[in-house]
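Biologist: Could you walk me through how to read helix packing and a nonpolar core?

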Amino acid sequence: GIDSAVVCALATLALGAKHVRGVSLPSVFSSQGSLDDAKQLAENCGIMYSVIPINSIYTQFLHDLEPEFLGKSEDVTEENLQARIRGNLLMSLSNKFNSLLLTTGNKSELAMGYCTLYGDMCGGLAVLSDVSKTHVYELAHELNEGCNIIPKETITKPPSAELRPNQKDEDSL
């Protein structure tokens, strides 16, 4: 999404491409557009990039929790589970490669509590924690001046955590 893209572009500018790694952690709810945008961003920045699908882990978690969740309808619990799986995987990579995980949440999300403890809040530095969502978009446009680092679609599509079918952030906020 836009927050991840801006953090990636800023990290690349600040540290150099050889010191930045992008990781895509798609689930069954991830759109092809988001996957394409992430790959394009990594190519534009010239950074190392890998893809680790979380579908099998997510399915196993749901299977293991099934007896406890019996009779309960799906809700934010299943959405947050995906964020926590991603957080665990990213922190594992951070630990293994002695690197710093950058948190991508912005000030607006943090103020609204639109984030997941031990999920998308994982990381050692919250690059956008003092940047409102409006300013994130302004930063994206500035970063793209003359070079188009961040794919246009990332900037123009409605924000979505893509944690359930057809989910948009504005629906949850």
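Predicted model: local features only at pLDDT ≥ 70, side-chain atom pairs only at ≥ 80, totals over all residues.

Biologist: At what angle do the axes of α1 and α6 cross?

Modeller: Axes are lines fitted to C-alpha atoms, for helices over the stretch in contact, with angles from 0 to 180 degrees between N-to-C directions. Helices are DSSP runs of H or I, at least four residues, numbered from the N terminus. Here α1 (residues 2-15) and α6 (residues 133-144) cross at roughly 50°, their axes coming within 10 Å. That makes the pair oblique, the class left after roughly parallel (under 35 degrees), roughly antiparallel (over 145) and roughly perpendicular (65 to 115).

Biologist: Which residues make the contact?

Modeller: Contact means heavy atoms within 4.5 Å. Among those involved are Ile2, Val6 and Leu10 of α1, and Val136, Leu139 and Leu143 of α6.

Biologist: Which residues of the largest nonpolar core touch the most other members?

Modeller: Such a core joins buried Ala, Val, Leu, Ile, Met, Phe, Trp, Tyr and Cys residues through side-chain atoms within 4.5 Å; buried means under 20% relative accessible area (1.4 Å probe, protein chains only). Of its 21 residues, they are Ile2, Val6, Leu41 and Ile150. The largest share, 7 residues, comes from α1. Val6 touches residues including Leu128, Ala140 and Ile150, not counting those up to four places away in sequence. A second, separate core of 5 residues includes Leu25, Tyr58, Leu81 and Ile85.

Note on methods:
Residues numbered from 1 in each chain as written. Heavy atoms only, no water. Helix = DSSP H or I, 4+ residues; strand = E, 2+ residues; numbered from the N terminus. Buried < 20%, exposed > 50% of the residue type's maximum accessible area, 1.4 Å probe, protein only.
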